[in-house]
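Please open the model in your viewer and keep the selection panel at hand.

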Amino acid sequence: MASIRLAVPKTAQSGDIIEIKALIQHEMESGFRRGSRGEVIPRDIIVRFECSFEGVQIFAADFHPAIAANPLLTFHMRAEKSGRLLFEWTDQNGETWRDSADLEVI
Amino acid sequence: MIRASLLLCVFAISACQEAAQPSQQSALTIEEIRSGYTFLTAETQALQDDPFANPGLLWVDRGAELFQSTIAGEASCASCHEEGLHGVAATYPAVDESSGVLLNLEGRINQCRTQHQSLDALAYESEELLALTAYIFNQSHGLPANVDISGPAEAAYQRGYDYFQTRRGQFNLSCQHCHTENWGKQLRGDTISQGHGNGFPAYRLEWQSLGSLQRRLRDCDTGVRAEPLPFGDPRYIDVELYLAARSQGLALESPAVRR
């Protein structure tokens, strides 16, 4: 169960460049660390993040083991019409976490 | 003869230094009390202050959900504590009236679960217990720690004080040696803080996670190569009480970000 925090402005003027922030709780275990008994701690990371607006992908990122735990992404989009933003994280085992936010263009 | 006078000289100098060292070194004065926040880099301070990106807020969010949710048909926390628990965390650790035992907030949450909600106690450092403590501590954000060290808590406070003053581990250091007598100095790459617990549960960059004050105490004990006490050990709860009183009104910052 991952906790997700999204920061999307509720409203924007048409043509505005808006900032979007997405934070997810995840260990992002790199696979390079060892435990107190010398055993390798298995890799467990998110590998893909995608953000779409009304079905159109506006931002995506591939994650690698050097990304810190609880990754925070900040990116921008041009607000042109009202609609819903969908956020999706996928881990190396195919498990996904989704959240959404609505944007109203006035 | 020269040697003897040199020796005398050294004695005289060290005696002077002894005299010059103020006795208040054994305790922090109110004027010099500083939160661990002030020892952080500007970037880490900015992360703590960011009302969105402070990663500790992930646990606060989760705690807010857990507080409202019913588990296995039992009453939720919110069904009794409708107004939330504003200012409550600042009074912990506190002596439980019915049992006479000193409880920290983790212990109090588990007491509620087992006695009033017919639920199992949560393990220390489990995501659920961290989330609930972070959520409840966050409702005392900005308030000073306000623990009662009189009456039944007096003995616990004294035990906590003794633990803090006692040398331990292969390094033979007490908490006092670093955090009262040498704070502000460099310990390898780090600046030694005053050792206040006012940011906990805190997100430590070293842990890449939120953790309790007891986890931090275990790290300190391990750091001086002492055997850390088990989580929830009453001796650590005594130390938590002493630390809260020692912080003399520093505002609570949980979830703080620490190195």
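## First stop: the nonpolar core

Begin with the largest nonpolar core, which has 57 residues; select B:Trp59, B:Ala89, B:Ala134 and B:Leu241, the residues with the most contacts inside it. A nonpolar core is here a set of buried Ala, Val, Leu, Ile, Met, Phe, Trp, Tyr and Cys residues joined through C-beta atoms within 7 Å. A residue is buried if 20 or more other C-beta atoms lie within 10 Å of its own, exposed if 12 or fewer, and partly exposed in between, with C-beta atoms placed from the backbone. Next select helix H6 (residues 127-138) of chain B, which supplies the largest share of this core, eight residues. Because domain 1 (32-52 + 144-258) and domain 2 (57-138) of chain B both give residues to this core, the core lies between them.

The model is predicted: local features need pLDDT of at least 70 and side-chain atom pairs count only at pLDDT 80 or more, while totals for chains, interfaces and linings use all residues. Residues are numbered from 1 along each chain as its sequence is written, and chains are lettered from A and ligands numbered from 1 in the order in which they are written.

Stay with B:Ala89. Leaving aside neighbours within four places in sequence, B:Ala89 is in contact with B:Leu105, B:Ile136, B:Phe137, B:Gln139, B:Ser140 and B:Leu252. Two residues are in contact if their C-beta atoms, placed from the backbone, lie within 7 Å.

## Second stop: helices against H6

Helices (H or I, at least four residues) and strands (E, at least two) are DSSP runs, numbered from the N terminus. Select helix H5 (residues 105-116) of chain B together with H6(B): the two pack at an angle of about 110 degrees, with their axes 10 Å apart. H5(B) is therefore roughly perpendicular to H6(B). Axes are lines fitted to C-alpha atoms, for helices over the stretch in contact, and angles run from 0 to 180 degrees between N-to-C directions. Angles under 35 degrees count as roughly parallel, over 145 as roughly antiparallel, 65 to 115 as roughly perpendicular and the rest as oblique. To see the contact, display B:Leu105, B:Glu106 and B:Ile109 of H5(B) with B:Leu129, B:Leu132, B:Thr133, B:Ile136 and B:Phe137 of H6(B).

Across the boundary, 25 residues of domain 1 of chain B are in contact with 21 residues of domain 2 of chain B. On the side of domain 1 that touches domain 2, strand S6 (209-211), helix H9 (213-223) and helix H10 (234-246) of chain B each supply at least two residues. H10(B) gives the most to that side, with six residues.

Select B:Phe200 and B:Pro201, which a cis peptide bond joins, with omega about 0 degrees. B:Pro201 is in the loop between strand S4 (190-191) and strand S5 (202-204) of chain B. The peptide bond from B:Ser254 to B:Pro255 is also cis, with omega near -5 degrees, and B:Pro255 lies in the loop between H10 and strand S7 (257-258) of chain B.

Phi of B:Ser118 is near 50 degrees, a positive value in a residue other than glycine. B:Ser118 is exposed, with 12 other C-beta atoms within 10 Å. B:Arg188 likewise has a positive phi, near 50 degrees, and is found in the loop between strand S3 (186-187) and S4 of chain B. B:Arg188 counts as exposed, with 4 C-beta neighbours inside 10 Å.

## Last stop: the whole chain

Zoom out to chain B, which has 10 helices and seven strands. The C-alpha atoms of chain B fill a box of roughly 90 × 40 × 30 Å, taken along the principal axes. Of the 259 residues of chain B, 33% count as buried.

Key. Domains from an automatic or database assignment.
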